[in-house]
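I opened this notebook to keep track of what I looked up.

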Amino acid sequence: MNKAFVKETEQDDDDDVLLAPAIPPGAKNYLTPAGYARIKDELLQLIDVDRPEVVRVVHWAASNGDRSENGDYIYGKRRLREIDRRIRFLTKRLDLAEVVDPSVHHGSDQVFFGATVTYANEQGEENTITIVGIDEFDPLKGKVSWISPIARTMTKAREGDVVTLHTPNGAEELEILSVSYPAAQ
């Protein structure tokens with residue numbers, strides 16, 4: 001396939017950066033030790049296992065002759081670009097990373113990074129969230145980024161405090177019922 005017919009641009013290399021949550025200017029990429037380990041494991045998996053395997057397949061496919069109609073070669077090269085893009089992205093994120101161990105606050109009733117907070121809204125519904133790094137958030141598991149509005153609202157509050165969360169639907173009062181941190185290991 002001629003390069004003229006391939007619809008790839010330089011911007012394709014920046015897709016991970018554009019889709020990833022932005023780190024506020026001047027801020028570090030705060031991560032819990034578990035989040036840092038997960039990102040580092042993914043990076044090592046890509047470098048040590050995935051990339052060498054794809055390079056092997058591309059090398060084999062290239063040795064078969066005509067590369068323009070060789071699906072293994074074409075898709076292997078595309079996958080190699082995806083892996084390299086992800087490696088660059090993860091490397092940049094780890095370079096900016098600052099690991100914050102939430103266990104240093106174990107026993108505290110004040111909300112900081114890494115806290116697991118149970119709160120009640122105005123209707124009396126209880127929710128539990130854990131404040132984690134930008135690269136660790138998972139709303140379905142109750143993990144919210146430290147830059148999210150709810151985390152920023154709760155930061156530095158204590159058990160029993162009532163905080164006001166400003167949302168597009170208006171202000172909402174939240175009562176902090178409990179704050180916990182993991183124990184030191």
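**Entry 1**

I began with Arg 93, which is buried at a relative accessible area of 9%. Buried means under 20% relative accessible area, exposed means over 50%, and partly exposed lies in between (1.4 Å probe, protein chains only).

A note on the source: this is a predicted model, where local features need pLDDT of at least 70, side-chain atom pairs count only at pLDDT 80 or more, and totals for chains, interfaces and linings use all residues. Residues are numbered from 1 along each chain as its sequence is written, and side-chain values use heavy atoms, with hydrogens and water left out.

Which side chain meets Arg 93 in a salt bridge? I found Asp 135, at 2.9 Å from N to O. A salt bridge here is a side-chain nitrogen of Lys or Arg within 4 Å of a carboxyl oxygen of Asp or Glu. Arg 93 lies in helix H3 and Asp 135 in the loop between S4 and S5, so the pair ties together parts that are 42 residues apart in sequence. Helices (H or I, at least four residues) and strands (E, at least two) are DSSP runs, numbered from the N terminus. Asp 135 also counts as buried, at 16% relative accessibility.

**Entry 2: other salt bridges**

How many salt bridges does the structure hold? I noted seven. One of them joins Arg 86 and Glu 42 through their side chains, at 2.8 Å from N to O. Arg 86 sits in helix H3 (residues 71-95) and Glu 42 in helix H2 (residues 33-62), so this pair links parts 44 residues apart in sequence. Arg 86 is partly exposed, with a relative accessible area of 26%. Glu 42 is partly exposed too, at 26% relative accessibility.

I then looked at Asp 84 and Arg 51, whose side chains meet in a salt bridge at 2.6 Å, N to O. Asp 84 belongs to helix H3 and Arg 51 to helix H2, so the pair ties together parts that are 33 residues apart in sequence. Asp 84 counts as partly exposed at 23% relative accessibility. Arg 51 counts as partly exposed at 29%.

**Entry 3: the sheet**

In what order do the strands of the open sheet run? I read S5-S4-S3-S7-S6, five strands with mixed pairing. Two strands pair if DSSP finds at least two bridges between them. S5 and S6 stand at the edges with a single partner strand each, so one side of each has no neighbour in the sheet. The twist averages 45° from one strand to the next. For that angle, axes are lines fitted to C-alpha atoms (for helices over the stretch in contact), and angles run from 0 to 180 degrees between N-to-C directions.

Next came the pairings. S3 (residues 116-120) and S4 (residues 126-132) are antiparallel, over five bridges. Thr 116 stands opposite Thr 130 of S4. Five residues lie between the strands of this hairpin, and Gly 124 there takes a positive phi near 85°. S4 and S5 (residues 143-145) are parallel, over three bridges. Thr 130 has Lys 143 as its bridge partner in S5, and Val 132 has Ser 145.

**Entry 4: the cores**

I looked for nonpolar cores: sets of buried Ala, Val, Leu, Ile, Met, Phe, Trp, Tyr and Cys residues joined through side-chain atoms within 4.5 Å. The largest has 21 residues, and those touching the most other members include Val 111, Ile 129 and Leu 174. S3, S4, helix H4 (149-154), strand S6 (162-167) and strand S7 (170-180) each supply at least two residues of this core. A second, separate core has 15 residues, among them Leu 46, Val 54, Ala 62 and Leu 90.

What does Val 111 touch, leaving out residues up to four places away in sequence? The list includes Val 117, Ile 131, Met 154, Lys 156 and Tyr 181. Contact means heavy atoms within 4.5 Å.

**Entry 5: two loop residues**

Lys 156 is in the loop between H4 and S6. Its phi is near 75°, a positive value in a residue other than glycine. Is Lys 156 buried or exposed? I found Lys 156 exposed, with a relative accessible area of 59%.

Ser 103 is in the loop between strand S2 (97-99) and S3. Ser 103 counts as buried, at 12% relative accessibility. Leaving aside neighbours within four places in sequence, Ser 103 is in contact with Pro 182, Ala 183 and Ala 184.
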